[in-house]
Amino acid sequence: MQFEAIIGDESRFYAFSAEHLVMLLLFSGTIALLYIGRHWLKEGNRSRAGRYVLASILLLAELSLNWWYWQEQIFNVKDTLPLELCSISLYLCIIMLLLRQKFIFQIVYFIGIGGAIQALLTPVLFYGFPHFRFFQFFIAHMVIILSVLYMVWVEGLRPTLKSVGLTMLALNLLLVIVLPLNWLLGGNYMFLAYKPETASLLDFLGPYPWYLLSLEAFALCFFLLLYLPFAKRKKAQHEISN
């Protein structure tokens, strides 16, 4: 990737370095704080204000990233278009937060959490602390997950079993769109052309192109796992009502 050539070893990101672990701990802390403060956030106009704050952070993260591309003269349709799964999730989260969009929530609950967790644990990131890109990357991915959890814990939205099928359909529609774009642009958006250079889950899913099929199966299993807490709650409520 073009970014790798313009950084030195002293600025390079290393997975599970002290800086990486600190960001993961910070992320865990913000999730805990959101859960603890969920009832307080529901009072008055705080719920709407919270959604607007999260949407603003996501928008600022995306605008600042593109400003950085432009300043560094590294904008390239091959690498920097918002066609990665987390970039798509970010835009969907902004719409979801601003409009309290329930339909978008049904999809972004799964792709937002699934994609951003993978990105946080095994970042495809070349710039280490304290580079701007380091902070922008972690803030954007953290807030994607926080936005989804906000809609669950504060706004009271819930995914359904049908949401899993809807999300799988949406993912495959994205695949149909992004695959030819990768071919036309020479890119690797959503890692549909080849695996990332850094370590990732894809390393365990077989060679190209078979890892794409393995990824479909993994995504379905992971989405069902994300739905499981709501399935158990629904079953418990049904038993109580009977």
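Residues are numbered from 1 along each chain as its sequence is written. In this predicted model, local features need pLDDT of at least 70 and side-chain atom pairs count only at pLDDT 80 or more, while totals for chains, interfaces and linings use all residues, and side-chain values use heavy atoms, with hydrogens and water left out.

Student: How many aromatic pairs does the structure hold?

Tutor: Rings of Phe, Tyr and Trp (its six-membered ring) pair if their centres lie within 6.5 Å. By that rule, the number of aromatic pairs in the structure is 17.

Student: Are the planes of phenylalanine 105 and tyrosine 109 stacked, edge-to-face or tilted?

Tutor: Planes under 30 degrees apart count as stacked, over 60 as edge-to-face and the rest as tilted. The ring centres of phenylalanine 105 and tyrosine 109 are 5.8 Å apart and their planes lie at 50°, so the pair is tilted.

Student: What are the planes of phenylalanine 129 and phenylalanine 135 to each other?

Tutor: The centres of the rings of phenylalanine 129 and phenylalanine 135 are 5.6 Å apart. Their planes stand at 65°, so the pair is edge-to-face.

Student: Is phenylalanine 129 buried, partly exposed or exposed?

Tutor: Buried means under 20% relative accessible area, exposed over 50%, and partly exposed in between (1.4 Å probe, protein chains only). Phenylalanine 129 has 44% relative accessibility, so it counts as partly exposed.

Student: What average pLDDT does the protein have?

Tutor: pLDDT is the predictor's confidence in each residue, from 0 to 100. At least 70 is scored by 92% of the residues, and the protein averages a pLDDT of 91.
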